[in-house]
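Here is a colleague's note to read beside the model. Please keep the structure open while you go through the points.

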Number of protein chains: 2
Amino acid sequence: MRREALARLAEERVDHRFKGLPPDADGLTVGELAAQRRDLFTGGFTTPVLTLSAEHLEHNLRLMQTYTARHQLAFAPHGKTSMAPQLFQRQLEHGAWGITLAVPHQVRVARAFGVQRIFLANELVDAAALRWVAAELAADPSFRLVCYVDSVRGVELMDAALRGGAQRPVDVVVELGAGEGARTGARTQAECARIAEAVAGVPTLRLVGVAGYEGEVPQADGERVRAYLRRLVALAAELDKAGHFARTDEIVVSAGGSAWFDAVAEVFAAAPALSRPVLKLLRSGAYVTHDDGHYRELTPFNRVPEEGAPEPAFRLWTQVVSRPTAAQAFANAGKRDAAYDLHLPFAQVVHRDGAEHAATGITVTGLSDQHTWLATTEEADLAVGDWIGLGLSHPCTSFDKWQLIPVVRADGTVVDYVRTFF
Amino acid sequence: MRREALARLAEERVDHRFKGLPPDADGLTVGELAAQRRDLFTGGFTTPVLTLSAEHLEHNLRLMQTYTARHQLAFAPHGKTSMAPQLFQRQLEHGAWGITLAVPHQVRVARAFGVQRIFLANELVDAAALRWVAAELAADPSFRLVCYVDSVRGVELMDAALRGGAQRPVDVVVELGAGEGARTGARTQAECARIAEAVAGVPTLRLVGVAGYEGEVPQADGERVRAYLRRLVALAAELDKAGHFARTDEIVVSAGGSAWFDAVAEVFAAAPALSRPVLKLLRSGAYVTHDDGHYRELTPFNRVPEEGAPEPAFRLWTQVVSRPTAAQAFANAGKRDAAYDLHLPFAQVVHRDGAEHAATGITVTGLSDQHTWLATTEEADLAVGDWIGLGLSHPCTSFDKWQLIPVVRADGTVVDYVRTFF
């Protein structure tokens with residue numbers, strides 16, 4: 001990655017653009033504020049403020065580095081989760097092959113920070129974006145982008161946009177859909193073969209493999225997910241046999257979100273040898289922060305505890321502004337601040353005057369745009385002015401509500417700030 | 001407002017920070033790109049891209065200016081909706097008294113652009129934020145901030161934070177809750193009186209009125225909402241009679257979201273005279289863009305069509321990237337791009353090769369993080385590469401997913417870019 005672009009993030013000014021940061025830090029650079037090692041609770045931060053655990057982030061980065069190495073998987077963690085170049089850098093330092101992304105804007109962000117290998121886990125048929133990709137490929141021989149195709153029309157649109165502009169072909173993988181009614185991806189091996197033929201017929205594209213997303217297998221369970229992954233591996237073998245990978249030195253076979261990477265590891269380990277070395281590419285992204293809801297329930301580490309356990313790295317701090325009855329309280333975080341698409345946040349701890357106690361008897365029952373609705377039982381010890389620490393569910397819709405996120409040690413010291421680009 | 005701060009928005013560089021903008025505009029200033037008067041469909045914009053209708057924005061701004069003037073209401077449109085200083089400026093130019101906001105961070109944004117009157121429609125008990133407010137009040141004699149109190153403890157926390165630092169008192173209004181189980185606000189007139197007494201006992205605060213939010217009246221209907229608003233008006237009269245507004249030249253009575261401002265206009269018009277002039281302050285925010293879902297159903301203009309009709313100003317353009325079966329299609333906008341808390345987006349039009357047709361037979365059935373799920377009937381004319389224009393529901397959760405939004409004329413010309421700060 002481009003170290004000077006990353007370094008410039010520390011030179012950015014702390015100001016009104018960034019929620020939750022101390023008003024008295026206005027005008028400092030991010031680097032200067034980080035160097036002050038402020039305390040989260042006494043350092044002038046305002047609520048609501050989302051935080052990342054320094055220790056849990058590091059733990060999760062190491063955990064998946066170890067996991068993927070143990071299972072001989074290449075790793076392109078999904079960058080759409082965080083859209084944070086500083087985390088991309090740490091993921092690459094922890095052995096990642098590259099970064100996965102979903103839409104052209106995200107590729108632009110990654111390229112602004114010099115990411116060299118990008119796996120665009122989506123179809124890309126936008127002419128303006130393709131012309132830009134072609135220019136990036138032309139300008140930087142070490143840049144590699146792989147994207148999906150799942151229709152002959154898509155191949156035609158890509159070729160039309162790239163004709164004349166592309167100096168080297170764009171690498172594509174055929175996407176195999178995860179089943180009837182599932183998301184993108186061609187539905188049958190025959191359709192995939194037809195698409196591969198179409199790719200072979202245009203000079204602007206080069207077929208380098210197959211990919212899919214087992215997270216969309218209908219009524220997913222271990223058996224159905226493995227069946228789909230075996231179909232994906234079989235598709236690679238079939239296309240290889242038909243000579244479709246003649247123009248590449250390496251065949252890419254990619255799958256793997258954050259709920260079934262144990263099945264991916266197992267099925268990919270059993271895959272037959274192909275005519276060329278195979279890059280078995282896992283794309284999980286949510287692991288980097290993990291969560292207290294959706295992925296807490298779904299992480300494959302629950303099935304293989306002997307391989308480790310991710311730790312939730314987010315905590316959203318919000319202040320109680322109203323306590324109108326013994327049964328109700330309201331805090332100042334809302335839909336603008338917390339993920340709410342899979343679960344509501346979880347009340348975890350209450351911080352008052354430097355001391356913390358468990359959020360016993362406190363439940364989040366709703367979110368308005370700018371308020372957290374809390375139900376409280378007789379057990380709850382909660383007053384106006386208290387800060388509540390909330391756990392979140394779904395990293396992707398947590399990161400995207402914050403542009404500069406304090407990274408906090410367990411002792412409350414803020415040691416860094418993570419910039420996101422959504 | 002500070003014209004130089006607004007002018008600096010046009011000097012910002014177009015780059016990877018802003019979704020949907022043309023890659024070939026990288027490095028231009030926003031002002032330079034606006035001056036190019038690009039066409040939305042041929043100008044190199046990438047999908048997904050959220051747009052604002054220039055004509056509908058202007059229509060809505062005028063509509064509420066006329067409406068509030070006709071009903072003799074002062075207007076502090078809720079700025080949390082857009083968090084766009086350029087729109088704040090236009091709202092003030094269209095006669096607004098000030099801007100309503102919800103949390104201290106939003107006040108910081110407004111102050112960075114020189115908003116002089118801020119109605120903070122929320123309790124504020126954060127010591128760091130209060131110290132910053134006190135410094136702003138001290139530095140600028142023409143800055144006025146009014147915020148809520150709804151508890152004696154809140155009054156004590158505010159006073160403790162402001163003691164020593166405040167050169168003039170912070171203006172507060174007592175918030176009357178909208179009913180049992182409703183959101184913030186003291187539940188009874190007796191509790192409100194107790195809070196008013198507490199305010200009178202501290203030198204750092206000055207009571208200037210009452211406020212509430214009729215949008216949270218339980219099982220809201222016209223009758224219940226009017227009953228609550230009459231309680232609010234009666235509270236103002238009671239506190240006035242008890243001498244609580246002795247220190248202010250003007251009494252503030254405020255209510256009014258975007259679903260019941262006709263009831264607010266009616267009840268406020270019938271309010272009795274008080275000992276001082278009354279600022280009857282409406283706070284509606286969603287009108288500025290209106291929408292194609294929630295507010296389309298709820299706008300009071302449906303009950304008073306003779307007073308006008310707001311026009312939906314958002315359209316989210318997304319490209320079809322996959323069409324795996326005759327019954328399914330997938331576009332590249334997802335939860336990162338579209339509001340999904342009240343309704344899913346609505347497929348409105350299909351744009352292909354410069355021509356547009358109605359999105360007949362096309363329904364949005366779901367959103368992934370980065371995909372729109374579309375169900376298509378036999379009537380649907382939809383292919384990979386087409387752009388679909390989606391209507392949205394809920395302006396607040398639409399604006400907050402975009403930092404720089406093209407403003408487009410009906411003929412497709414992009415004439416401006418609106419910057420948001422979330």
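The points below cover the ground rules, the domains, one histidine and the contact between the chains.

1. Ground rules. This is a predicted model, in which local features need pLDDT of at least 70 and side-chain atom pairs count only at pLDDT 80 or more, while totals for chains, interfaces and linings use all residues. Residues are numbered from 1 along each chain as its sequence is written, chains are lettered from A and ligands numbered from 1 in the order in which they are written, and side-chain values use heavy atoms, with hydrogens and water left out.

2. Domains. Chain A has a domain 1, made of 3–54 + 311–419, and a domain 2, made of 116–284. These bounds come from an automatic or database domain assignment. The two centres, taken over C-alpha atoms, lie 39 Å apart.

3. A:His351. Look for this residue in strand β12, residues 346–352 of chain A. Strands here are DSSP runs of E, at least two residues; helices are runs of H or I, at least four; both are numbered from the N terminus. Is A:His351 buried or exposed? A:His351 is buried, at a relative accessible area of 10%. (Buried means under 20%, exposed over 50%, partly exposed in between, with a 1.4 Å probe and protein chains only.)

4. Its neighbours. Leaving out residues up to four places away in sequence, A:His351 touches A:Phe41, A:Trp317, A:Glu356, A:Asp386 and A:Trp387. (Contact means heavy atoms within 4.5 Å.) The side chains of A:His351 and A:Glu356 also make a polar contact, at 3.3 Å. (That is a pair of N or O atoms within 3.5 Å; within protein, one must be able to donate a hydrogen and the other to accept it, and residues adjacent in sequence count only if both atoms are side-chain atoms.)

5. The same surface serves both copies, as 100% of the contact residues of chain A recur in chain B.

6. The interface. 76 residues of chain A meet 76 residues of chain B. Between the chains there are 8 salt bridges. One joins A:Lys80 to B:Asp369, with the closest N and O atoms 2.9 Å apart. (A salt bridge is a side-chain nitrogen of Lys or Arg within 4 Å of a carboxyl oxygen of Asp or Glu.)
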